[in-house]
Amino acid sequence: MAQYEAEMERYFQALASVIEQALAKAPPAPPARYIPQTFDQRFAGKAFVVRGDLSGYEKGQVKQLIESFGGKIGRNITGKTDYFVCGSGVGDLFKTAQKHKTALPSADYFEDMTR
């Protein structure tokens with residue numbers, strides 16, 4: 001029984017070491033973003049398209065904030081789109097937004113827009 005316990009102790013120590021190494025190599029967590037508690041209509045009449053993951057925001061959180069501030073969420077970028085809020089990996093939509101001269105706020109700038 002003592003041999004079994006000693007073997008389990010060695011196993012758990014080795015496992016703890018591997019976990020510590022993995023955590024040390026993990027990228028840092030994204031910063032927590034400011035989420036307002038009250039909303040006005042600052043985005044009323046503005047059209048937004050949201051794509052990709054924005055650092056520090058949970059899935060769907062950016063769209064929810066835009067709608068809470070009175071903005072409209074669109075599916076496609078057109079000449080009537082005011083803002084294209086995008087994270088990484090959006091590809092050709094970025095070029096389309098540039099072609100239509102659509103504003104491209106970063107995650108940090110979008111956070112400032114909601115303060």
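Where is the place of Thr-102? Thr-102 sits in the loop between α3 (92-99) and α4 (107-113), where helices (H or I, at least four residues) and strands (E, at least two) are DSSP runs numbered from the N terminus. The model is a predicted one, in which local features need pLDDT of at least 70 and side-chain atom pairs count only at pLDDT 80 or more, while totals for chains, interfaces and linings use all residues. Residues are numbered from 1 along each chain as its sequence is written, and side-chain values use heavy atoms, with hydrogens and water left out.

Taken as a whole, the protein has 4 helices and 3 strands, and from the N terminus on its elements follow the order α-β-α-β-β-α-α. Its radius of gyration, taken over C-alpha atoms, is 22 Å, well over the 13 Å that the globule rule (2.2 Å times the number of residues to the power 0.38) gives for 115 residues, so the protein is more spread out than a compact globule. The C-alpha trace spans about 75 × 35 × 20 Å along its principal axes.

Of the 115 residues, 26% count as buried, a term that means under 20% relative accessible area with a 1.4 Å probe, protein chains only. Thr-102 is buried, with a relative accessible area of 6%. Leaving aside residues up to four places away in sequence, Thr-102 touches Ile-77, Thr-78, Thr-81, Asp-82, Tyr-83, Phe-84 and Ala-97, a contact being heavy atoms within 4.5 Å. Across the protein, 67% of the contacts with a separation of 6 or more are between residues 24 or more positions apart.

Note on methods:
Buried means under 20% relative accessible area, exposed over 50%, partly exposed in between (1.4 Å probe, protein chains only).
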